[in-house]
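Biologist: I am new to this structure and would like to go through it with you. Could you show it to me, please?

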Amino acid sequence: MEQPKGIDWTVVILTCQYKDSVQVFQRELEVRQKREQIPAGTLLLAVEDPEIRVGSGGATLNALLVAAEHLSARAGFTVVTSDVLHSARILILHMGRDFPFDDCGRAFTCLPVEDSQAPVEALVCNLDCLLDTMTHRLGPGCPPGVWVCSTDMLLSVPPNPGISWDGFRGARVIALPGSPAYAQNHGVYLADSQGFVLDIYYQGTKAEIQRCVGPDGRVPLVSGVVFFSVETAEHLLATHVSPPLDACTYLGLDSGARPVQLSLFFDILLCMAQNVSREDFLVGHPPELGQKDVDVAGYLQSARAQLWRELRDQPLTMAYVPNGSYSYMTSSASEFLHSLTFPGVPKAQIVHSQVEEPQLLAAGSSVVSCLLEGPVRLGPGSVLQHCHLQGPIHIGAGCFLSGLDTAQSKALRGLELHDLVLQGHHVRLHGSPGRAFTLVGRLDSWERQGTGTYLNMSWREFFKRTGIRDWDLWDPDTPPEERCLPSARLFPVLHPCLALGPQDVLWMLEPQEDGGEALRAWRASWRLSWEQLQPCLDRAATLASRRDLFFRQALHKARHVLEARQDLSLRPLIRAAVREGCPGPLLATLDQVAAGAGDPGVAARALACVADVLGCMAEGHGGLRSGPAANPEWMRPFSYLERGDLAGGVEALAQERDKWLSRPALLVRAARHYEGAGQILIRQAVKSAQRFVSTGPVELPALGQWVVAECPARVDFSGGWSDTPPLAYELGGAVLGLAVRVDGRRPIGARARRIPEPVLWLAVGSRQDEMAMRIPCRSLDDVQDYCQPHAPGALLKAAFICAGIVSVHSELPLSEQLLRTFGGGFELHTWSELPHGSGLGTSSILAGAALAALQRAAGRAVGTEALIHAVLHLEQVLTTGGGWQDQVGGLMPGIKVGRSRAQLPLKVEVEEIRVPEGFVQKVNDHLLLVYTGKTRLARNLLQDVLRSWYARLPAVVQNARSLVRQTELCAEAFRRGSLPLLGQCLTSYWEQKKLMAPGCEPLAVRRLMDVLVPHVHGQSLAGAGGGGFLYLLTKEPRQKEALEAVLAKTEGLGNCSVHLVEVDTQGLSLKLLGTEASTCLFP
């Protein structure tokens, strides 16, 4: 489904705790802008909180100031002015506190979600989901202002949440439903029937929570999302110059102000709630404020008084989204695992991962961004993220493993883990990079209250089992209430002699097996607690490592998709590799697949993917993708492919490619030549149809005796494009076509005869002799341009080669070849009475007529089915490509369906469609052609379609399958003799053509079709579209004059003409004329 238009952000700000993370998260925002998740013109800012304990309110005020400062500078001001907010749409995202299960915080926690519609393939983090929610669901329709969104929760919001902004002013909170029981540990809003917020409770009493219960039995939870109007944002911004609130911003701290901690919801917003009195507000304090001494309370009271003065008059309303959901990401491992798994799903969730033995993953488990090689067993309810593991490994139920690489796999072998959290961390200690590993139990509590546990057991039992003592973990003067899991120095980060690994924490699970050696090594290590580890985490290295693993598994995916011939698009992956600066490994993988492919279809698709990579690297510059591909520099690699040396050709292509990477124009031209290389492989595949071409000897006509072949045109009623290689042999094709006479005539033909002189005389043009363009070929040099479609007489020259009359690779001169085998030369004349680009299959049918006439003139008989395959071969020799439907439609009589199977060699089978008696005449009475006056440009359309097919764009793959299915429905409509059903087939067929080749319906043609709609059952442009003939089934019989009158009255349709058409029941006809029946074309 296409994403609805979202809000066009002016600024997106991500706040973070640590100074050394600012550049890391700035890059993450920029990456998302490259992925098109954030509008291209949006200003991106990662902003450090002024102090670690500044609170969500202080972080909001500081971010708002930074946004206003940047916008003021952009607008040319030398001081901060709130005027810049008047037309701005600002999104502030708060990173929040540290998270036990992800080193980069809750915002960058990866979810088991794969966005199949995303233009760029990427892991989906909580930040991405929230960006999407704010941009496409909550944001649209709002006035200018400031959105603030926490990133410490999982949100689900329906596509149209139904929020009205009519008459809005002040601030608005977004509330999502929750149960009263859930609300006991969270914030909840009390609002009146008009939506005005009366109060905000945090961990309220049962009575307070009960007052908030709505008619649905649910309560409106504080969801972490709020919107400030421009007016309210200006009032909030004004506080940054007033002590003590100035201390919430970097300007205040830089001026020496004492830090103050503010809550967004329980300080800034609470003062706007209607039922809150000034007295109660001033003496209260936010739940996130741990300090309660008198000095702090007095300082906070002063800050709250300032907020009351600025914001009290601003209304605060609530938008309740009843169909949404909210879940705070707590420090409970059990809740975290529950949010990442789907217990009711009958199989494991495998997201952006390559798993060699997926049957070993239990239902209800989840694998995200992993490479699992060999037997890796995963129990129910367990999650693997960012791991590259090599089995045999057994991970039981209830486990979370993250950040482990192949080097750590050995430490896991022989163990069966249950209910454990094992993580690998990138750290930087005194400037040096390193790794550390942490191990905790699923049931362990990260809170400071209570007795606490470690590895799912009491501290007492843990000490008894391991030999570790409390003085190993805490200083002697640490108060008992501070002796908890976050402060315990459990995790080695440096050993004087040994390299650290998971074994340095896993030994605690089975401590008695090594005689105390592991305990001694543990004690000899420099250890940190989880709290001490947080400032040492190297978030840049963490994200870089995740990105590297993502692309490593993506390369495995690309190889598998190509080699397994899966209909899965690699274009999002290609965009990801290019936009994140690592196309090289992808190009190398595609080269390897192409070089090692035993199937020309796999190799051609791999080369098409290389072309896509090069085109993507050009970033929309350098010209159109479609264009010529015959630069002399590329002829050496092409020659390898022509000779069948695939590996040599791919290597030579890569060597040449390296010379064309320096600028967009060269990249686009290189992409064209890779598509040209793919065309060589397609030609070789299609030439397999030659095995179904056979001829038999017949009496040789006399010298000078003409053989004349005449053919009808064809009209395609369904299935076109499915006959086009490579679709014809990768998907399988089915096309229903009619052989038709136009204005009572068979408009396409050829004639050939032998002549005494050992030369070839060619004529192209009208059936009238004097109008023909005459081309003599006296040597092999004169026919060497047979493979250049626009060269004079190229099709006729290719016909001589494909008929076996001339060999361009023979050492014998042309005259000698002709004299030895035929005692002289040939004349060949082809004609068509249809305009160029008619869409009625002219060139393919003309090729069939030329081959039929030539073969008969050379004393050979060729059947019509053999001729169909011979034309396929000829068009590949000619390098025009194209499918088989045209020659099936024009060489075979009447109404028929041609089909090809998804296999090589390419074979076309034809079925005649039997219709009710008299129905052919009925079709003749209702079928008309209208010449649009537009010449179609089918070659560019063909290149675009092949590019989309090789990219396996989902819409194109689905549409191609629909084309084949529609053909069978159309055939049934003919068998039933139903014109209305046929009209419906034509209408849907035209829609399918437009999906297959966007741009095939010029505006002038659309206007013409709109004029004709009231008069027809259905209509479509013939062939590929873009111009040529329009064919239609009229509601009334014999409507030529009536439609001519309609068109004559309509302005702006150009040079249109209406033509009679009737089903031809003869197909290709071949006859010999007397030697005097026609004069010689040539002197």
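Predicted model: local features only at pLDDT ≥ 70, side-chain atom pairs only at ≥ 80, totals over all residues.

Biologist: Let us turn to charge. How many positive and negative side chains does the chain have?
Modeller: There are 100 positive and 112 negative side chains. The centres of the two sets lie 5 Å apart.

Biologist: Which residues form the negative surface patch?
Modeller: That patch is made by Glu 510, Glu 513, Asp 514 and Glu 517. Glu 517 belongs to helix H16, which covers residues 517–524. Glu 517 counts as exposed because its relative accessibility is 53%, and the cut-off for exposed is over 50%.

Biologist: How many salt bridges does the structure hold?
Modeller: It holds 52 salt bridges. In general, side chains of opposite charge can pair when their charged atoms come close. One of the bridges joins the side chains of Asp 128 and Arg 32, with an N to O distance of 2.7 Å.

Biologist: Where do those two residues lie?
Modeller: Asp 128 is in helix H3 (residues 126–138) and Arg 32 is in helix H1 (residues 22–34). The pair links distant parts of the chain, 96 residues apart.

Biologist: Are Asp 128 and Arg 32 buried or exposed?
Modeller: Both Asp 128 and Arg 32 are buried. They also belong to a network of salt bridges that links Arg 27, Glu 28, Arg 32, Arg 35, Asp 128, Arg 547 and Glu 580.

Biologist: What about Arg 952 and Glu 730, how do their side chains meet?
Modeller: They meet in a salt bridge of 3.0 Å, N to O. Arg 952 lies in the loop between helix H32 (938–950) and helix H33 (954–976), while Glu 730 lies in helix H25, so the pair ties together parts that are 222 residues apart in sequence. Arg 952 is buried, with a relative accessible area of 5%, whereas Glu 730 counts as partly exposed at 23%.

Biologist: And which residue pairs with Arg 1038?
Modeller: The side chain of Arg 1038 meets that of Asp 925 in a salt bridge of 3.2 Å, N to O. This pair links distant parts of the chain, 113 residues apart: Arg 1038 is in the loop between strand E41 (1029–1034) and helix H36 (1040–1049), and Asp 925 is in helix H31 (residues 919–926). Arg 1038 counts as exposed at 58% relative accessibility. Asp 925, at 21%, counts as partly exposed.

Biologist: A change of topic: backbone geometry. Is the peptide bond from Gly 391 to Pro 392 cis or trans?
Modeller: That bond is cis, with omega near 10°. Most peptide bonds are trans. Pro 392 sits in the loop between strand E18 (388–390) and strand E19 (393–395). The bond from Pro 725 to Pro 726 is cis too, with omega near 10°. Pro 726 is in the loop between strand E30 (713–718) and helix H25 (727–732).

Biologist: Is phi positive or negative at Asp 419?
Modeller: Phi of Asp 419 is positive, about 55°, although the residue is not a glycine. Asp 419 lies in the loop between strand E21 (416–417) and strand E22 (420–429), and it counts as partly exposed at 25% relative accessibility. His 430 has a positive phi as well, near 50°. His 430 is found in the loop between E22 and strand E23 (432–441) and is exposed, with a relative accessible area of 78%.

Biologist: Last one. What is Gln 885 in contact with?
Modeller: Leaving aside neighbours within four places in sequence, Gln 885 is in contact with Arg 714, Asp 716, Gly 720, Trp 721, Asp 723 and Val 735. Gln 885 lies in helix H30 (residues 885–891) and is buried, with a relative accessible area of 10%.

Note on methods. Residues numbered from 1 in each chain as written. Heavy atoms only, no water. Patch = residues over 30% accessible without salt bridge, like charges linked within 9 Å, V, L, I, M, F, W, Y side chains within 5 Å. Areas by Shrake-Rupley, 256 points an atom, 1.4 Å probe, with all protein chains shown as cover. Salt bridge = Lys/Arg side-chain N within 4 Å of Asp/Glu carboxyl O. Lys, Arg positive; Asp, Glu negative; His and termini not counted. Charge placed at Lys NZ, Arg CZ, Asp CG, Glu CD. Helix = DSSP H or I, 4+ residues; strand = E, 2+ residues; numbered from the N terminus. Buried < 20%, exposed > 50% of the residue type's maximum accessible area, 1.4 Å probe, protein only. Contact = heavy atoms within 4.5 Å.
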